[in-house]
Amino acid sequence: MGKAAGPLCSASTRGLVALLGGAVVPCLACKQEPPPPRCLRPPGAMSLAALDSPGPPPAAPLDTYKGWLFKWTNYLKGYQRRWFVLSNGLLSYYRTQAEMAHTCRGTINLSTAHIDTEDSCNIVLSNGGRTYHLKATSEVERQRWVTALELAKAKAIRMRNNQSDDSGDEEPASQSDKSELHNTLKNLSNKLEDLSTCNDLIAKHGAALQRSLSELENLKLPSESGEKIKAVNERATLFRITSNAMINACRDFLELADTHSRKWQRVLQHEREQRIRLEETIEQLAKQHNNLERACRGAPSHGSNTSSHVSKGGSVLSVKGEASDEDEETEYFDAMEDAQAFITVAADPSKHRRTGSNISGASEGRADDWNLEDNVFESSDQSTPDVTSKDAVPKKKRRNRIPDKPNYSLNLWSIMKNCIGKELSKIPMPINFNEPLSMLQRLTEDLEYHELLDKAVKCESSTEQMCFVAAFSVSSYSTTVHRTAKPFNPLLGETYELDRLDELGFRSLCEQVSHHPPAAAHHVYSKRGWTLWQEITIASKFRGKYLSIMPLGAIHLEFHASGNHYVWRKVTSTVHNIIVGKLWIDQSGDIEIINHKSKDKCQLKFTPYSYFSRDVPRKVTGVVMDADGQAHYVMSGTWDEKMECSKIVNSTHGSTSSEGKLSKTVYQTLSPKVLWKKYPLPENAENMYYFSSLALTLNEPEEGMAPTDSRLRPDQRLMEIGKWDEANVEKQRLEEKQRAVRRRREAEAAEALEEGKDYEGYIPLWFERKVDPATGELICIYKGGYWEAKEQQDWSACPDIF
């Protein structure tokens with residue numbers, strides 16, 4: 001029995017004594033102090049010691065990054081120190097670390113954000129109408145954040161691409177709460193493992209103690225009593241230490257669970273109170289808005305066409321009142337920070353000489369070749385859209401008015417409280433928010449200034465042609481400045497044709513090719529030498545105070561003679577003052593137009609509205625460059641009025657100063673020429689949804705069109721003639737009919753899956769999916785047959801959607 005003490009004092013036993021004991025406990029078998037905790041430990045005991053001893057908190061997940069940064073708030077407070085948390089593709093910030101448990105001050109989604117670095121310590125994050133100006137304490141810290149942001153953005157983009165169609169319906173929960181919950185659950189799981197380990201040890205040592213006691217009872221010889229009693233004492237000591245550790249682990253577990261239970265109760269109660277206050281606030285604002293509407297209807301109308309933003313001279317009028325709706329974290333951008341990345345200086349054509357080392361190679365000819373009598377670069381300020389060229393004489397009299405918009409009241413609260421955070425295309429909205437046009441017709445409305453493309457055909461230089469393409473891309477936003485109403489969501493299979501081949505030289509066809517997500521394919525052919533096609537998916541989010549509309553998809557334009565193929569994408573549109581105040585729309589973001597044949601590029605910047613900015617509102621600036629990056633033209637103007645083009649004769653490229661800042665490039669240009677100017681709105685436009693002259697004709701009934709054409713949609717037609725109640729009933733009928741078709745298609749897909757067959761799903765009628773050779777994207781391209789079917793009046797292939 002004397003040799004039995006050896007195994008009991010093994011390394012694992014001494015390690016267990018040192019690990020589980022609250023104080024240093026000597027080993028009774030060898031009469032020595034236990035070794036440090038780095039000895040071999042039983043499984044699961046390490047996490048117990050880590051929790052019992054004070055130390056750093058558990059490490060954050062690999063995709064989480066936290067730290068202090070300075071954030072620009074406003075001109076009164078400047079940069080303020082904030083706690084930022086990067087997790088799961090979202091960057092959130094708080095005033096203090098303690099706020100992570102209950103109050104998030106703001107969040108930006110990195111999957112659609114643009115990351116830029118201004119200098120050695122600054123970071124600029126922009127996502128639609130939201131921009132964060134951040135500053136790190138050092139360049140090394142800035143680089144760490146930029147690396148983490150880029151990795152998180154790439155991961156967020158992959159996650160978004162792998163999501164299903166319905167995955168975007170719900171808003172993501174607070175990422176800090178998720179991280180904290182993960183760490184807490186991990187700690188609780190470790191505690192449970194410790195309890196399990198201690199339970200096994202207690203059972204083992206308890207059994208050994210029972211055996212020793214039994215042997216002690218059966219002793220007959222007094223000489224053996226000493227060894228047995230010694231073994232019993234050792235086992236009793238181990239059992240006592242293990243029991244104490246078990247009790248300590250249970251106490252820690254209960255304290256941890258009790259602490260977090262109280263904390264979660266407080267957080268839950270706080271969230272409930274916040275939700276109640278938010279609902280009460282929104283309800284009160286909705287009531288005030290209804291009262292204001294009734295008061296306005298009872299008062300005489302004055303200056304309904306007056307802009308709510310700035311006067312013609314650029315002075316701020318009524319936007320100042322909007323500042324009261326913002327909290328102290330509202331971003332007001334410095335005018336110099338958001339200014340264009342270049343400076344233009346006018347040059348005198350008569351005195352200009354091509355001398356000096358800083359002369360740009362952009363000017364291919366003499367400066368005096370830039371004259372207003374050019375066949376291509378001529379003023380585009382036509383008084384009416386019908387007068388576009390000499391051979392464009394209208395052969396059919398089009399309507400120039402529609403019935404006036406009726407004055408219907410609407411309970412905003414009953415609708416808005418269920419819409420926060422949801423995608424707009426999946427919310428059943430009454431037609432009170434609509435205008436009597438479908439999204440397909442709004443897409444066709446981009447062709448209002450098609451004469452810009454007719455002029456671009458005549459250009460011999462690809463850079464000159466790029467100027468007109470850039471002006472055309474901006475002109476499509478001019479109709480949105482007052483058009484705050486929502487167009488009808490097209491039904492699956494709905495089409496819209498605009499045949500102006502004899503009058504204006506082009507004809508257009510749109511088809512709704514997908515319902516979730518909503519996507520429309522568009523194809524335009526012009527006999528004057530160009531073809532345009534696109535597939536646009538509208539992603540929209542309602543954020544309570546504003547609505548963001550993100551068009552996804554590329555626009556393709558090809559000129560037949562030269563083969564120049566231009567590709568660009570639309571910017572983000574933001575509708576402000578959704579709940580209270582006058583609705584107004586802003587466009588923000590960048591457009592990059594690429595000629596895939598010559599590799600010419602044009603970078604256009606849509607400057608977001610800023611309260612303190614000295615720039616002209618709705619400003620658009622850009623530079624046209626060739627394949628070598630040499631600038632040729634400067635584009636400037638506004639997206640709601642006009643665009644000008646200036647030829648570059650000299651350029652001085654920016655250099656890095658001693659402070660590490662890159663100075664702006666200075667372009668010396670000739671006098672600008674107007675490429676595009678907005679047509680004036682028709683008379684009484686404010687009572688006709690602010691439709692342009694072309695928009696008034698889009699829903700005009702015509703003969704021979706397909707039975708799926710938007711002009712035949714009954715709810716849209718009822719709304720146009722002023723029967724809104726009947727239109728709402730008809731809209732619900734059409735939507736329910738579409739849901740029934742979708743359920744039948746889903747049942748067919750499930751049945752095909754059970755039988756092991758392939759199910760193709762919905763197949764567009766006039767378009768087919770192909771890989772675009774320029775961008776490599778899978779898009780819907782017109783496959784032909786529509787105009788031939790119209791000529792023969794054979795619409796047997798059209799589905800019954802109305």
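Some ground rules come first. Residues are numbered from 1 along each chain as its sequence is written, and side-chain values use heavy atoms, with hydrogens and water left out. Since the model is predicted, local features need pLDDT of at least 70 and side-chain atom pairs count only at pLDDT 80 or more, while totals for chains, interfaces and linings use all residues.

Start with the sheet. Its 7 strands form an open arrangement in the order E4-E3-E2-E1-E7-E6-E5, with antiparallel pairing. Strands here (E, at least two residues), like helices (H or I, at least four), are DSSP runs numbered from the N terminus, and two strands pair if DSSP finds at least two bridges between them. At the edges sit strand E4 (106–109) and strand E5 (114–116), each pairing on one side only. From one strand to the next, the twist averages 30°; axes are lines fitted to C-alpha atoms (for helices, over the stretch in contact), and angles run from 0 to 180 degrees between N-to-C directions. E5 pairs with strand E6 (residues 122–127) in the antiparallel sense, over 3 bridges. Across from valine 124 in E6 stands aspartate 116.

Now for the charged residues. Side chains of opposite charge can pair when their charged atoms come close. The structure holds 33 salt bridges, each being a side-chain nitrogen of Lys or Arg within 4 Å of a carboxyl oxygen of Asp or Glu.

One of them joins arginine 483 to glutamate 445, at 2.8 Å from N to O. This pair links distant parts of the chain, 38 residues apart: arginine 483 lies in the loop between helix H10 (462–475) and strand E10 (486–488), and glutamate 445 in the loop between helix H8 (439–444) and helix H9 (451–457). Arginine 483 counts as buried because its relative accessibility is 2%, and glutamate 445 is buried too, at 3%. For these labels, buried means under 20% relative accessible area, exposed over 50%, and partly exposed in between (1.4 Å probe, protein chains only).

Aspartate 615 and lysine 619 also meet in a salt bridge, at 3.2 Å from N to O. Here aspartate 615 is partly exposed, at 24% relative accessibility, whereas lysine 619 is buried, with a relative accessible area of 12%. Lysine 757 and glutamate 755 make another such bridge, at 3.3 Å from N to O. Lysine 757 counts as exposed, at 55% relative accessibility, and glutamate 755 as partly exposed, at 47%.

Finally, there is a network of salt bridges, which links Lys731, Glu735, Glu736, Arg739 and Arg743.
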